[in-house]
Amino acid sequence: MAAETETRRLGVLIGGSGLIGGTLAHYFKTKTPDEIEIRAPSSKKLSIRDAADIKNYLKRVNPDFVINTAMAALDSDAQLSFEINYLGAVNLARACCALDIPYIHISSASTLPSGENLTAEDQLPLSPDLNHYAKSKLMTERTLRYMGCEQGLDYTNIRLAIVYGEHDHKIQGFHRLFFAIADESMPCLFTKKGVLHSYTNSNKLPYFVHHVINNREEFGGNTYHFVDKNPVELAELILSIKSYLELKTPREIYVPFSVIKFGKYFLERLARFLNWFGITVRLPPELMFLENFYESQTLASDNLQASSFVDPFPAETIFTKLPRLVVYYLTRWGHLNLITTFNEEYFGSNELEDDFRLNPRELLKTIHDDSTSPFYDMVEK
Ligand SMILES: NC(=O)c1ccc[n+]([C@@H]2O[C@H](COP(=O)([O-])OP(=O)(O)OC[C@H]3O[C@@H](n4cnc5c(N)ncnc54)[C@H](OP(=O)(O)O)[C@@H]3O)[C@@H](O)[C@H]2O)c1
């Protein structure tokens with residue numbers, strides 16, 4: 001059984017406003033309030049680009065562990081990618097080493113080549129040609145391993161594949177693909193038959209991180225692929241989303257990679273051309289991963305399966321999660337006016353919203369008359 005301590009522990013979570021960090025923060029706040037307290041400073045309070053910030057903050061808070069989920073935006077330049085994804089992570093690890101506490105690092109399948117059944121030991125060769133994101137994540141993994149051996153750093157490296165889950169406010173990765181389908185801006189299949197990928201369920205990750213924190217002997221110094229056991233065919237996933245949303249597109253026509261590559265080249269040129277006229281066009285950063293749509297990348301999770309971690313929702317996969325994701329994201333994108341197709345279906349009529357749009361004066365008067373007194377249950381008696 002886990003070597004769980006009885007005293008309440010304090011953890012620092014970096015990147016708590018992001019997709020992964022937000023999910024972890026919510027988990028610890030709601031599921032472990034008596035066991036673990038989490039401080040999740042924003043990047044304004046603690047920027048990991050600044051080593052002094054890291055040292056001062058961690059010295060003051062004196063945590064029992066640190067979890068790092070920060071990352072620079074995918075299309076950041078070399079300096080930002082290096083400073084946040086690499087130097088920031090290494091400086092956090094150095095601070096953890098000094099305080100003699102565990103460092104839990106979130107990494108990515110971008111450190112891996114394409115291929116099937118890739119193991120935790122696999123890695124891309126470090127070369128100048130890698131994109132900034134992959135290069136910085138890969139260098140971090142290497143330095144953590146080095147510091148584990150040379151400095152006795154107590155770390156765990158958790159590699160995520162394609163993440164699915166609620167609260168991706170930046171619409172990245174899988175959610176960008178989902179958005180393109182829901183927005184009917186994907187006419188055909190930009191993949192080929194049989195291309196498989198691994199997926200990570202963001203809601204399950206906090207259970208694993210919690211378990212890893214409680215079982216340092218077992219999980220220290222190792223890399224884990226935190227992915228669903230079975231890989232998923234991209235075409236099957238796209239067609240499932242399409243049929244779930246009852247859309248006509250994308251049609252089941254597989255567009256060859258050469259055509260897509262030309263399209264990408266054309267769009268990049270067009271964006272540059274429009275820039276001359278002061279029109280700023282930003283292409284989705286995911287375009288850098290276009291090749292991955294045509295190549296399988298599946299991550300073996302043998303060491304995860306063989307570990308003492310028990311999947312809290314073994315039946316949950318990206319397919320079983322689709323209905324909830326559809327409701328969550330279509331509602332959100334509808335509210336943000338990003339998509340209008342499904343609005344009637346997902347938003348019932350809301351009286352207050354109608355008054356806000358059509359009768360703001362009456363609404364204001366009603367609120368002043370009925371709803372501005374101090375909250376009764378908060379007033380000290
Ligand atoms: N999402 C995926 O599909 C995916 C897939 C594989 C691996 N991963 C890995 O999962 C981790 C989290 O990704 P995510 O999708 O949650 O990212 P995200 O939503 O883009 O969030 C990034 C977080 O990093 C923080 N951050 C940025 N610069 C910082 C700085 N200088 N100092 C401190 N914090 C800073 C941001 O805080 P502010 O908002 O305050 O700037 C934000 O909270 C990353 O390591 C990523 O490589 C993600």
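## Basis

The model is predicted, so local features need pLDDT of at least 70 and side-chain atom pairs count only at pLDDT 80 or more, while totals for chains, interfaces and linings use all residues. Residues are numbered from 1 along each chain as its sequence is written, and side-chain values use heavy atoms, with hydrogens and water left out.

## Ligand shell

Helices (H or I, at least four residues) and strands (E, at least two) are DSSP runs, numbered from the N terminus.

## Ligand contacts

Polar contacts are pairs of N or O atoms within 3.5 Å; within protein, one must be able to donate a hydrogen and the other to accept it, and residues adjacent in sequence count only if both atoms are side-chain atoms. A backbone N or O atom of G15 is 3.2 Å from a ligand oxygen. Ligand nitrogen is involved in two further pairs: an N or O atom in the side chain of S47 lies 3.1 Å from a nitrogen atom, and a backbone N or O atom of I48 lies 3.0 Å from a nitrogen atom. The protein buries 86% of the 890 Å² that the ligand exposes when taken alone (Shrake-Rupley method, 1.4 Å probe; for residues, only the protein chains shown count as cover).

## Helix 4

Helix 4 has 19 residues and reaches 26 Å from first to last C-alpha, close to the expected 27 Å (1.5 Å times one less than the number of residues). At its N-terminal end N131 is the cap, with a side-chain oxygen 3.2 Å from the backbone nitrogen of Y133. G152, with a positive phi near 70 degrees, follows the helix.

Buried residues of helix 4 include Y133, K137, L144 and M147 (buried is under 20% relative accessible area, exposed over 50%, partly exposed in between; 1.4 Å probe, protein chains only). The buried residues pack against helix 3 (78–99), strand 4 and strand 6 (155–160).

## L363

L363 lies in helix 14 (residues 360–370). L363 counts as buried because its relative accessibility is 14%. Leaving out residues up to four places away in sequence, L363 touches L352, D355 and F356 (contact is heavy atoms within 4.5 Å).
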